[in-house]
Every structure is written in C-alpha cells, then in structure tokens.
Amino acid sequence: MRHDQKGSIPANHLLAVTGLGVRFPTPKGPVDVVKDLSFTLDRGQTLGIVGESGSGKSMTSLAIMGLLPKDAKVTGSILLNGSQTVDRSDAELRKLRGDSMAMVFQDPLSSLNPYYTVGLQITEAYRAHRNVSRRAARAVALEAMAQVQIKDPQLRIDQYPHQFSGGMRQRIMIAIALCCEPDLIIADEPTTALDVTVQAQILALMADLQKETGAGMIFITHDLAVVSQVAQNVIVMNTGRPVESGTTEQIFSAPAHPYTRALLNAIPRLDDDLEELKMVQEFTRPKVTPAAVTTS
Ligand SMILES: Nc1ncnc2c1ncn2[C@@H]1O[C@H](COP(=O)(O)OP(=O)(O)OP(=O)(O)O)[C@@H](O)[C@H]1O
Ligand SMILES: [Mg+2]
C-alpha cells in the first residue's frame, strides 16, 4: 500500500504513552485494570505486549484506540504523532481510527458483518475516511485483497465472510485495517484463533506489510514464542501493571522480573510431563512493584 501521501511526520515518536491508567467503577468500588503504563513506539517498529489473561492487554489497546466503554476512566497521556488522544470527542476519535490507527482483532468472524460481502466491508471502511467514488474504492479493495494474498480477488470480492476460511477472514480484516494506510496498527491476538501453519503465514504477511508501509505496530499476545518472532521491544504486564520491559532479546535471555521468568517457564516443552503442566501462579504470585517502563 502506498504510504507516501501522509505529509511530513514530526521527528518525535509515533506513539508516546505516559502514565496510562484505566479505571472501571464496580459495585465493590473502582478497579484499576491498567495502571502506570508508559512506553514509546517508533515508525516501523513492533512492540509486543504480553501477559496472562486479564492482565490488561486489551484494555490498553482499547484505550489507545478510544474504544473503551463509556464508564471507563482514562488517565495519563497518549500522544499519537505528537497530539493528545485522551479526552478527544467521539467524532475526532472516529476520524483517527482507520485513518491514523487501526486495529486487528482476534476473532474476524465477530468483526465482519455476515450480511455484507467482504468487498463492501473493505470499500465502506475506505470510504469512511476517503472521499472517493464506490468504483474507486472497489479498485482499492481489489488491490488490498491482492496485497493480503487472497487469490482471485475479482471473484472473491463479491463473496460473504462465511465463504472464507478463518485465515482468509483474518486477511480480510488486515486488508480493512490497512486500506487507509494507518501509521499505527494494533493487533490484539490476531492469530490466536488460527492453526499454527496459518498463524505463521499471517505473521509473515503482517511483517511484510509493515515493512512496506513503515507503520508502527503494537502486537498483543499471551504467546511468548509469537512475540519473539515479531517484536523488537516487549512489555510484560501483570494485573494491569507493567512489570518489565526491554528489547525482546533482553527479556528472553535475561528476564529480570520473577513474573516474566514464570511466564517463560510456563511455556510447555516437548520433554515436559503433560500431567504436570504448570500455571504461572504455581511459580510465583509476586507482589508486583510497578517498574518504570520506557522502550524506544
Ligand atoms: N467493564 C469492566 N468493568 C470492570 N472490569 C473490567 C471491565 N472490562 C474488563 N475488565 C477487567 O479488566 C481486566 C483486564 O482485561 P483485559 O481484557 O485487558 O485482559 P487481557 O490481558 O486482554 O486478557 P486476555 O488475554 O484474556 O484477552 C480484567 O480483569 C477484566 O475483568
Ligand atoms: Mg485481551
């Protein structure tokens, strides 16, 4: 996809998150599901966010996208291309979504509308941000489908989501996310629902497209093997807090925090006794001290 008409981009970070917090009111009082999270992301770079279920990974991505439920209270600062996105109006956020930032979710079936052809869904996403005719948008959709390596786009463009396999549907979601050439892509467990072979293909495709467009990517996963393939930097989260961050190499070769070591140890190995597969909690339930986290 072309990425040359965005104009000049300021020299600072693509994304700078500082002291991010997300709090929900609950009957038992407020709950902080994300607390004191800071990081930066540059163009062309991928940041992995890892952590077990419930650690606040998705809440972090929804906060950045401005997609949290209304009762969530967001604190801290999120600068995208140097401008603040916290407390923007819905209309402003809608414009940023798709145009400057886009998200690929875990389950493409629930994100695609079963009643519309995939072509219509790509063209409508494109036309929401670009003032072009249906015909011109269709040409962009065909190009996008070819780019995510869907064979026979001319035929496939008029088909419905159920006519595609899981991997192909995820390719369509990636085409929708990338059609407006966003600067920032947030991929939240984009390959978890896919079998390992398809997962590897999708990861390779995303890496290629990212290289081509120069977009920055946040890749959220609980799978440390996946993060080691795609990310230059990693943040490890536990119960809403960042517990460790650094380059992928640092985190994998010398994890400093007991929780990160526990996560790494929880990866099953071929020589493990399956009867004794361990949970992260079995290794440690550390008292988490929020660490100052800054990656670049
Ligand atoms: N509306 C809400 N009110 C209160 N708590 C919420 C609400 N929505 C989510 N949470 C809590 O926020 C925490 C973080 O959830 P989040 O979805 O970010 O986890 P996650 O790291 O993405 O997990 P998973 O790997 O399962 O996707 C969870 O404990 C969840 O129960
Ligand atoms: Mg999640």
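Reader: What makes up the lining of the second largest pocket: how many of its residues are nonpolar, polar and charged?

Author: Happy to start there. This is a predicted model, and in it that lining divides into nine nonpolar, two polar and six charged residues. Among the residues nearest the pocket's centre are Leu 68 and Asp 87.

Reader: How do you know which residues belong to the lining of the second largest pocket?

Author: A lining residue has an atom within 4 Å of a point of the pocket. The second largest pocket is lined by 17 residues, and Gly 66, Leu 68, Val 74, Asp 87 and Leu 93 lie nearest its centre. Helix α1, strand β4 (73-80) and helix α2 each give two or more residues to this lining, and α2 has the largest share, with three. The volume of the pocket is about 350 Å³.

Reader: What makes the largest pocket, and which residues are closest to its centre?

Author: Its volume is about 420 Å³. Of its 20 lining residues, Gly 98, Met 103, Ala 125, Ile 176 and Ala 177 are the closest to the centre. At least two lining residues come from each of α2 (90-99), β6 (101-104), α4 (118-127) and α7 (166-178). By class, the lining holds 14 nonpolar, four polar and two charged residues.

Reader: Why is the pair between Ser 53 and ligand 1 called a polar contact?

Author: A polar side-chain atom of Ser 53 lies 2.5 Å from an oxygen atom of the ligand. The cut-off for a pair of N or O atoms is 3.5 Å, so this pair qualifies. As for cover, ligand 1 taken alone exposes 650 Å², of which the protein buries 62%.

Reader: What makes up the shell around ligand 1, and which element gives the most to it?

Author: The surrounding residues include Phe 24, Val 33, Glu 52, Lys 57 and Glu 189. Helix α1 (residues 57-65) gives the most, with three residues. In all, the shell divides into three nonpolar, five polar and three charged residues.

Key. Residues are numbered from 1 along each chain as its sequence is written. Chains are lettered from A and ligands numbered from 1 in the order in which they are written. This is a predicted model: local features need pLDDT of at least 70, side-chain atom pairs count only at pLDDT 80 or more; totals for chains, interfaces and linings use all residues. Side-chain values use heavy atoms; hydrogens and water are left out. A residue is near a molecule or strand if one of its heavy atoms lies within 4 Å of it. A polar contact is a pair of N or O atoms within 3.5 Å; within protein, one must be able to donate a hydrogen and the other to accept it, and residues adjacent in sequence count only if both atoms are side-chain atoms. Accessible areas come from the Shrake-Rupley method with a 1.4 Å probe; for residues, only the protein chains shown count as cover. Helices (H or I, at least four residues) and strands (E, at least two) are DSSP runs, numbered from the N terminus. Ala, Val, Leu, Ile, Met, Phe, Trp, Tyr, Cys and Pro count as nonpolar, Asp, Glu, Lys and Arg as charged, and the others, Gly among them, as polar. On a 1 Å grid over the protein atoms alone, a cavity is a set of points where a 1.4 Å probe fits but cannot get out, and a pocket is an open set with protein on both sides within 12 Å along at least five of seven lines; lining residues have an atom within 4 Å of a point. Grid points are joined across faces, edges and corners, and a volume is the space filled by probe spheres set on the points.
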